[in-house]
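Welcome! Here is a short tour of one protein model, going through its charged pairs, rings, strands and surface.

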Amino acid sequence: NVTVNYHRGDYYQTVEETREGNVVTLNVTAEDGTTAAYKLTLIAPLPSSDASLREIKLGGTMLPGFSSSTTAYQVTLEKDAAWPDISVMPNDADAYAQLIISGDTATIHVTAEDGVSTMDYQIIFLQQRSSEAHLEMIYLNEEALPLFNPDQLLYQVDIPVGGTRPEISWAKKEPIQQVVLTEEGLTSIITVMAEDSTTLVYQIQ
């Protein structure tokens, strides 16, 4: 119900309020019996069509770069980190927000008060990929390569006259690394690719 407030023209006036549907009538009677009627028609406001968000928070911290008008975001997480808690606040308190998770994407579906207008905000969570492309060790005939240093990429190995090229193997620093051995003439080339495609090339001559 809407409360109607008024101020009398003078102390002796009497005011009677009546209501019929959405019409409020104020019947005013002056001291000398003169009357006047004021009619007010109350019109309910239209429901809001605002389905935008005021904020998105990840783990209690505002989503970097957030804007109500921007609906697509990418967030890179530390390797193997869990998703943070997602909380939102609509611009209109009567709007309703629903969180939908699918694969690596969180969709926040917002429905406005009018039940018709909607907006979707999407956050794609990317796991940070390792750039580690160093080897832990290189082995020649199952023996550690002398003076091996993961940061040193070029080695020279003397093969005795009449000797054969040693069998080359290696130990990865990370299991996800991809390692390929190729031979070019007298040079053995070990190409190591990290999870994020960072590449190092070791050469043994």
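Which side chain meets the side chain of glutamate 183 in a salt bridge? That of arginine 165 does, at 2.4 Å from N to O. Before going further, a word on the ground rules: this is a predicted model, in which local features need pLDDT of at least 70 and side-chain atom pairs count only at pLDDT 80 or more, while totals for chains, interfaces and linings use all residues. Residues are numbered from 1 along each chain as its sequence is written, and side-chain values use heavy atoms, with hydrogens and water left out.

**Salt bridges**

A salt bridge here is a side-chain nitrogen of Lys or Arg within 4 Å of a carboxyl oxygen of Asp or Glu. Side chains of opposite charge can pair when their charged atoms come close. The structure holds five such bridges, and the table gives some of them.

| Salt bridge | N to O distance |
|---|---|
| Glutamate 17 and arginine 19 | 2.8 Å |
| Lysine 57 and glutamate 55 | 3.9 Å |
| Glutamate 183 and arginine 165 | 2.4 Å |

The pair of glutamate 183 and arginine 165 links distant parts of the chain, 18 residues apart. Glutamate 183 belongs to strand 15 (residues 178-184), and arginine 165 sits in the loop between strand 13 and strand 14. Strands and helices are DSSP runs numbered from the N terminus (strands: E, at least two residues; helices: H or I, at least four).

How covered are these side chains? The scale is simple: buried means under 20% relative accessible area, exposed means over 50%, and partly exposed is in between, with a 1.4 Å probe and protein chains only. Glutamate 183 is partly exposed because its relative accessible area is 39%, and arginine 165 is partly exposed at 34%. Glutamate 17 has a relative accessibility of 34%, so it counts as partly exposed, and arginine 19 is partly exposed at 40%. In the remaining pair of the table, lysine 57 is partly exposed at 27%, whereas glutamate 55 is buried at 17%.

**Aromatic rings**

Rings of Phe, Tyr and Trp (its six-membered ring) pair if their centres lie within 6.5 Å; planes under 30 degrees apart count as stacked, over 60 as edge-to-face and the rest as tilted. By this rule the count comes to six aromatic pairs. One of them joins tyrosine 11 and tyrosine 12 edge-to-face, with 5.6 Å centre to centre and 85° between the planes. Tyrosine 11 is exposed, with a relative accessible area of 65%, and tyrosine 12 is exposed too, at 51%.

Another pair is formed by phenylalanine 148 and tyrosine 202: the planes stand at 35° and the centres are 6.1 Å apart, so this pair is tilted. Phenylalanine 148 comes from the loop between strand 12 (143-144) and strand 13 (154-155), and tyrosine 202 from strand 17 (residues 199-204), 54 residues apart. Both phenylalanine 148 and tyrosine 202 are buried.

Phe66, Tyr73 and Tyr121 form one aromatic cluster. Back at tyrosine 11, arginine 8 lies over the face of the ring, 5.9 Å from its centre; a charge sits over a ring if NZ of Lys or CZ of Arg is within 6 Å of the ring centre and within 35 degrees of the ring normal.

Three strands make an open sheet in the order 12-11-14, with antiparallel pairing. Strand 12 and strand 14 (168-172) are the edge strands, each pairing on one side only. Two strands pair if DSSP finds at least two bridges between them, and strand 11 (residues 135-140) pairs with strand 12 over two bridges. Tyrosine 139 stands opposite alanine 144 in strand 12.

**Loops and surface**

Most residues other than glycine have a negative phi. Leucine 147 has a positive phi of about 60° although it is not a glycine. Leucine 147 lies in the loop between strand 12 and strand 13 and is exposed at 79% relative accessibility. Aspartate 80, also not a glycine, has a positive phi of about 70°. Its place is in the loop between strand 6 and strand 7, and aspartate 80 counts as exposed because its relative accessibility is 67%.

Tryptophan 83 lies in the loop between strand 6 (72-77) and strand 7 (86-90). Tryptophan 83 is partly exposed, with a relative accessible area of 30%.
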